[in-house]
Amino acid sequence: METRISAVELAKLVRDTKKKSGTDYLIVDVRDEDYKVGHIPGAVNIPSHDMYLRAGELINKYSHVPQVVFHCALSQQRGPKSARIYREIVEQRLKVSPANDPLTKQRIQVLDKGFVGWADTFLLKEPKLIEGFDREKWDAL
């Protein structure tokens, strides 16, 4: 099972100007249309229903990234399931790859309380931690 990371801990990475999304960490937002309502800066959007088909693409592109964090709206179903799918495909790859494959050191995590928890934590006090926020659409969800 994947470990959880809090919004506060993940925000430290996002705020750190020495760290870069896609290089030092990767945030994978598996929400569907609600991604367009607002998202974490630097997040990659791969809807959960596409994860099985696109996990290999993610692994190939980001195998060098030491920390991959998945989330959905609440991180109760889609986020954890997507993280599990990703992890299982990583494990399959590691069975046939060299011992020095960077995936051996990659941490796979799930954002605790998902994007809703992220927004509850940062929307009012640090809105720059939410890109593309649309209040009208958010309230309609």
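Author: A residue counts as buried when its relative accessible area is under 20%, as exposed when that area is over 50%, and as partly exposed in between, with a 1.4 Å probe and protein chains only. The model is predicted, so that local features need pLDDT of at least 70 and side-chain atom pairs count only at pLDDT 80 or more, while totals for chains, interfaces and linings use all residues. Residues are numbered from 1 along each chain as its sequence is written, and side-chain values use heavy atoms, with hydrogens and water left out.

Reader: Why is S75 called buried?

Author: S75 has a relative accessibility of 1%, and the cut-off for buried is under 20%, so S75 counts as buried. S75 lies in the loop between β4 (67-71) and α3 (78-96), where helices (H or I, at least four residues) and strands (E, at least two) are DSSP runs numbered from the N terminus. The phi of S75 is near 55 degrees, a positive value in a residue other than glycine.

Reader: What makes K113 exposed?

Author: The relative accessibility of K113 is 55%, and exposed requires over 50%, so K113 counts as exposed. K113 is placed in the loop between β5 (107-111) and α4 (114-122), and its phi, near 70 degrees, is a positive value in a residue other than glycine.

Reader: How do you know that α1 and α4 are roughly perpendicular?

Author: Helix α1 (residues 7-15) and α4 pack at an angle of about 75 degrees, with their axes 10 Å apart; axes are lines fitted to C-alpha atoms, for helices over the stretch in contact, and angles run from 0 to 180 degrees between N-to-C directions. Angles under 35 degrees count as roughly parallel, over 145 as roughly antiparallel, 65 to 115 as roughly perpendicular and the rest as oblique, and α1 and α4 are therefore roughly perpendicular to each other. The contact (heavy atoms within 4.5 Å) involves A7, V8, L10, A11, V14 and R15 of α1 together with W118, T121 and F122 of α4.

Reader: What makes β4 and β5 a pair of strands?

Author: Two strands pair if DSSP finds at least two bridges between them, and four bridges join β4 to β5, which run parallel. V68 stands opposite I108 in β5.
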